[in-house]
Amino acid sequence: MFYRGRTARNRRLLGLFLCATALPYAQAATTDNETVSANGEPVQAGVFTNRWGRLFSGNKDKFSGALSFSSGLKEQWLTIPNGSSSAQQKKKINQLLNLSMQYSPYSYWFGNVTLRAPITDFDKYTTDFRYSFGYDDWHPNTFSLVYSNYGDNHLFTSGNARHTYFEQGAFTFAYKFSLPKSLEKHLLINKGDALTCQVGYSWIPRYYSLADNDIKANKQVGLGGCGYTFKQHFFVRATAFWFPKSDQQQPWNGDYSYSFGYAGYTPGSLSLQYSNYSGTRFPGRSGGNAKFREGTLSLIWFLPF
């Protein structure tokens, strides 16, 4: 995401992190990144790390990091591993501590990983991680190709589970663009505000189908949305999703996602944001779960080095 009127230093940390998701762009999902993991909520196959743009998009440093805390707004039932082959069901507010790290060896090529641990019921089996890599030029009027996996990834596995299921990650091809100046000038409220949009396509080689209770192949998701930045720090974003094969959309796959909040962009600064992306439905569609309390609140600290 590109924001005009910013200093060169500020442009370096334009990516927002939706944590628990996070650092939440974007909103990919669990086992095709779509099952509900022990510590995480089901998330929508979408664009990169926080469903809008990847973590640290716009950061030109080779190494970057962020520490974040995320919390749901209501209690939910979670499956919590308590051993190598056992687990328990527990109803609680899902709260996570996240450490995100990124390495960008050249140009806009990158790789990042987020380590996640629950605030309560902490155990080596309840920790997990998410990762993504690829090419992402964060400027408007550019293309990106990114692989992301927000599924059931564990350093310490239970039973016969694998550490990661690479084939259940999402490959996303996206195009970011600015609106024509003749139109944009009527939409921007203040000088220095920014409005950027993007369209994209995600392909998930393997995904879990609830109706079939089985792993299926070749899930496809189209996406498109826009983000508005107000006075260079306050923002609101929304993305809509389209499933060419409607039976591939799972109950936790939203029709749309949205987020808003305040973002600091320099190393050592804080960001606070709310995001909602799971189970949303457009008016007239049944089976949705888009209440405000279904969302996640995230506090992000960009590490000062």
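This is a predicted model: local features need pLDDT of at least 70, side-chain atom pairs count only at pLDDT 80 or more; totals for chains, interfaces and linings use all residues.
The strands S3-S4-S5-S6-S7-S8-S9-S10-S11-S12-S13-S14 form a closed barrel of 12 strands, in which the pairing is antiparallel. Within this sheet, neighbouring strands are turned against each other by 20° on average, when direction is ignored. In general, strands of a sheet pair through backbone hydrogen bonds, and they may do so in a parallel or an antiparallel manner.

On one side, S14 pairs in the antiparallel sense with strand S3 (residues 63-81) over 7 bridges, and here Gly72 stands opposite Thr296. Strand S13 (residues 270-278) also pairs with S14 in the antiparallel sense, over 6 bridges, with Leu272 having Leu299 of S14 as its bridge partner. In a regular strand, side chains alternate between the two faces of the sheet.

The largest nonpolar core consists of 7 residues, namely Ala170, Ile204, Tyr207, Val221, Leu223, Phe241 and Phe243. Strand S9 (194-209) and strand S10 (214-230) each supply at least two residues of this core. Apart from it lies another core of 5 residues, which includes Leu179, Leu188, Leu195 and Cys197.

Strand S10 also contains Ala217, a residue that is partly exposed, with a relative accessible area of 37%. Leaving aside neighbours within four places in sequence, Ala217 is in contact with Pro205, Arg206, Tyr207 and Gln248, and of these Tyr207 is also a member of the largest nonpolar core. The C-alpha atoms of Ala217 and Glu167 are separated by 9.6 Å, although the two residues are 50 residues apart along the chain.

The structure holds 9 salt bridges. One of them joins Lys90 and Asp121, with the closest N and O atoms 3.1 Å apart. Because Lys90 lies in strand S4 (residues 87-103) and Asp121 in the loop between strand S5 (109-118) and strand S6 (128-136), this pair ties together parts that are 31 residues apart in sequence. Lys90 is partly exposed, at a relative accessible area of 31%, and Asp121 likewise counts as partly exposed, at 26%. Together with Lys92, these two residues are linked in a network of salt bridges.

A salt bridge is also formed between Asp136 and Lys176, whose closest N and O atoms are 2.6 Å apart. Asp136 lies in strand S6 and Lys176 in strand S8 (residues 170-178), so that parts 40 residues apart in sequence are tied together; both residues of this pair are buried.

In a further salt bridge, between Asp255 and Arg285, the closest N and O atoms are 2.7 Å apart. This pair links distant parts of the chain, with Asp255 in strand S12 and Arg285, 30 residues away, in the loop between S13 and S14. Asp255 counts as buried, at 1% relative accessibility, whereas Arg285 counts as partly exposed, at 44%.

Conventions: Residues are numbered from 1 along each chain as its sequence is written. Side-chain values use heavy atoms; hydrogens and water are left out. Two strands pair if DSSP finds at least two bridges between them. Helices (H or I, at least four residues) and strands (E, at least two) are DSSP runs, numbered from the N terminus. Axes are lines fitted to C-alpha atoms, for helices over the stretch in contact, and angles run from 0 to 180 degrees between N-to-C directions. A nonpolar core is a set of buried Ala, Val, Leu, Ile, Met, Phe, Trp, Tyr and Cys residues joined through side-chain atoms within 4.5 Å. Buried means under 20% relative accessible area, exposed over 50%, partly exposed in between (1.4 Å probe, protein chains only). Contact means heavy atoms within 4.5 Å. A salt bridge is a side-chain nitrogen of Lys or Arg within 4 Å of a carboxyl oxygen of Asp or Glu.
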